[in-house]
Protein chains: 2
Amino acid sequence: MEILKLGRQSWRYVHPPQICGQGICGGRTEGQGPLGKSFDHIYTDLYAGESTFEKAEQKMQMKAAETALTKAGVAREQVDLLCAGDLLNQNTPSAFSARALGIPFFGMYTACATICQALAAASLAVACGAAGYALALAGSHTCTAEKQFRYPNEYGAQKPPSSQYTVCAAGAALLGPAGTKSRVCISGVTVGRVIDLSVCDPFNMGAVMAPAFADTLAAHLRENQRQAGDYDLILSGDLGKAGQAIALELLEGNGVTDVAERFGDCGQMLLGENKKFFCGGSGIGCAAAVGLGHAYDLLRQGKMQRILLCATGALLSPCANQQRESIPGICHGIVMERV
Amino acid sequence: MEILKLGRQSWRYVHPPQICGQGICGGRTEGQGPLGKSFDHIYTDLYAGESTFEKAEQKMQMKAAETALTKAGVAREQVDLLCAGDLLNQNTPSAFSARALGIPFFGMYTACATICQALAAASLAVACGAAGYALALAGSHTCTAEKQFRYPNEYGAQKPPSSQYTVCAAGAALLGPAGTKSRVCISGVTVGRVIDLSVCDPFNMGAVMAPAFADTLAAHLRENQRQAGDYDLILSGDLGKAGQAIALELLEGNGVTDVAERFGDCGQMLLGENKKFFCGGSGIGCAAAVGLGHAYDLLRQGKMQRILLCATGALLSPCANQQRESIPGICHGIVMERV
């Protein structure tokens with residue numbers, strides 16, 4: 001058996017699929033942030049040389065995917081499965097990336113938790129032999145996402161302090177079987193449940209997602225019989241400052257107390273301390289870029305041994321809003337380890 | 001090893017996950033069609049007693065899921081994974097179903113091919129032991145889908161003869177490990193690639209999806225080293241009359257000639273011959289209802305031994321349309337067998 005089932009939500013791989021290559025790219029804002037050096041490619045304008053932001057978003061996805069394939073030395077024809085998603089309606093950029101790549105395609109969507117869902121599904125397919133190589137891919141673009149979920153950035157609408165800035169970034173990881181030449185693997189997964197504490201404010205994503213993060217992290221530690229100290233770093237996807245504070249409070253209430261000193265939030269780490277980003281970065285690109293860029297580098301360089309990446313998603317939608325519904329949150333966890 | 005990898009796109013299960021319970025429900029139109037008897041529940045009005053069509057769509061999903069669980073005698077707390085999707089922006093009804101069910105959740109999206117993607121992912125998770133029970137769930141609603149992708153039905157816009165009617169239906173299947181008391185299993189999967197022959201007409205979904213169907217079916221037969229005659233029935237999801245004719249022509253061109261006499265299209269079968277539905281039914285509900293209803297019944301009752309369900313999806317989106325893009329198609333195949 002290739003899978004050790006640890007509980008309802010978690011499993012561990014006996015022979016963990018390895019990250020044979022990864023690629024991340026982003027916009028100028030992201031490139032100028034504290035983690036700028038971890039990017040493979042930076043687009044200096046928001047259009048990335050295309051005529052629309054939507055096309056730019058797809059271009060970033062393609063660049064990340066191609067970088068991952070090139071680094072691994074694997075041709076796209078050798079990849080059996082693409083698990084990809086994004087924030088746009090009907091996963092449009094991902095569908096067009098799948099068309100361009102020609103790889104058998106599963107469309108993934110759990111908002112900003114999508115990159116971890118994609119890594120979970122791709123690693124599962126590789127671990128059990130359904131795919132030789134599988135590519136996980138996800139990204140976001142500030143101009144397409146804001147336009148779709150809130151207001152076009154060009155309107156210059158005022159935002160409250162709890163807001164976050166949707167980042168421009170895409171990340172890809174090519175997963176291959178254990179034993180391939182690579183220093184980083186995905187050793188385990190915790191699938192998140194939808195948690196909804198009735199937050200309705202689309203400008204407070206941190207409050208929406210924090211309970212889901214706390215729920216998934218608690219489930220992960222419980223089912224893995226581990227403590228926070230077993231990880232060098234625990235990353236939330238994009239809780240932002242407000243969400244991170246709520247998450248710590250919720251975790252303490254659940255008796256999980258040793259998280260704070262090894263807790264990083266991808267959204268905050270990617271953009272750094274800057275008031276113009278309010279509580280920090282958000283969007284699929286946060287967890288994708290920090291998880292597959294900076295965190296991957298820390299493991300590859302031997303600076304860390306084991307990182308838990310918990311991408312958080314707000315299942316926000318104008319359609320749900322029109323139903324006068326609150327915003328459900330979700331968070332999927334992935335264990336990345338140095339081999 | 002639980003998985004036999006047969007080629008790039010296909011795998012077969014050594015111990016096939018079984019359908020422990022299924023549930024389908026639909027609207028009055030679908031209930032009055034030729035397959036009306038296979039439905040577990042029919043909602044006589046399009047609102048299903050709710051205040052909006054979107055809420056009605058989610059209600060149908062929940063009813064299908066609850067029916068599947070009840071028939072299997074399995075509580076929702078015993079289910080480790082929910083793979084669900086729909087046609088609405090950000091998979092809204094599925095996210096709310098996941099919230100209500102409380103089952104760890106992967107959001108799926110490849111348009112009307114979503115039910116087969118969900119069955120593929122759920123069966124994979126069960127087969128390799130990542131999930132004990134996994135629930136696959138998908139559905140569509142004529143009023144929400146038409147409003148989102150074309151025009152609200154209430155406008156009464158004229159449609160060309162190549163049009164199809166998005167059905168109101170939802171289907172769910174609870175998958176459990178081999179050996180559970182059940183007569184029907186999922187024995188294999190073929191994951192589809194995105195195929196795009198540059199069709200741009202959102203009123204001709206058959207032409208968009210037929211090439212993807214032909215591609216997946218040809219890959220399935222080739223990789224499985226089977227012929228069409230090895231199946232009692234080959235079901236396309238929702239090609240409609242126009243798409244079915246194109247698919248047969250494309251298959252003949254590829255040397256696959258024995259499909260016609262065992263070829264059924266879920267969209268046509270569900271609604272029957274009626275000019276008001278133009279080329280037939282479409283929407284996730286077609287493949288979900290016919291595959292998990294009528295086809296499942298044929299296998300369970302011993303009238304058939306092996307059915308190939310190929311759900312077809314048009315990765316249509318107003319967002320893509322605004323990019324002046326053509327409509328990519330995709331098709332995923334699932335082998336359903338009598339145990």
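**Domain and chain organisation of a predicted model**

The centres of domain 1 and domain 2 of chain A, taken over C-alpha atoms, are separated by 16 Å. The structure is a predicted model. The domain assignment places residues 3-176 of chain A in domain 1 and residues 184-338 in domain 2.

**Contact between the domains of chain A**

- Domain 1 of chain A contributes 54 residues to the contact, and domain 2 of chain A contributes 61 residues.
- On the side of domain 1 of chain A that touches domain 2 of chain A, at least two residues each come from β2 (10-13), β3, α4 (114-127), β7 (134-140), α5 (142-149), β8 (165-166) and β9 of chain A.
- The element that gives the most to this side of domain 1 of chain A is α4(A), with 7 residues.
- By residue class, the side of domain 1 of chain A that touches domain 2 of chain A comprises 30 nonpolar, 19 polar and 5 charged residues.

**Overall fold of chain A**

- Chain A contains 10 helices and 15 strands.
- The radius of gyration of chain A is 18 Å, close to the 20 Å given by the globule rule for 339 residues, so chain A is as compact as a globular protein of that length.
- Along the principal axes, the C-alpha atoms of chain A fill a box of roughly 50 × 50 × 35 Å.
- Of the 339 residues in chain A, 65% are buried.
- Of the contacts in chain A between residues at least 6 apart in sequence, 79% join residues at least 24 apart.

**Strand β3 of chain A and its partners**

- β3(A) pairs with strand β9 (residues 169-176) of chain A in the antiparallel sense, over 8 bridges.
- Within this pairing, Q22(A) has A173(A) in β9(A) as its bridge partner.
- β3(A) also runs parallel to strand β4 (residues 41-43) of chain A, to which 3 bridges join it.
- Here, the bridge partner of G26(A) is I42(A) in β4(A).

- Chain A is superposed on chain B by a rotation of 180° with 0.0 Å of shift along the axis, at an RMSD of 0.0 Å.
- That is the relation of a two-fold axis.
- The same surface serves both copies, as 100% of the contact residues of chain A recur in chain B.

Note on methods: Residues numbered from 1 in each chain as written. Chains lettered and ligands numbered in written order. Predicted model: local features only at pLDDT ≥ 70, side-chain atom pairs only at ≥ 80, totals over all residues. Least-squares fit on C-alpha atoms with pLDDT ≥ 70 in both. Contact = placed C-beta atoms within 7 Å. Helix = DSSP H or I, 4+ residues; strand = E, 2+ residues; numbered from the N terminus. Rg over C-alpha atoms; globule rule 2.2 N^0.38 Å. Buried ≥ 20, exposed ≤ 12 C-beta atoms within 10 Å, placed from the backbone. Pairing = 2+ DSSP bridges. Domains from an automatic or database assignment. Nonpolar A, V, L, I, M, F, W, Y, C, P; charged D, E, K, R; others polar.
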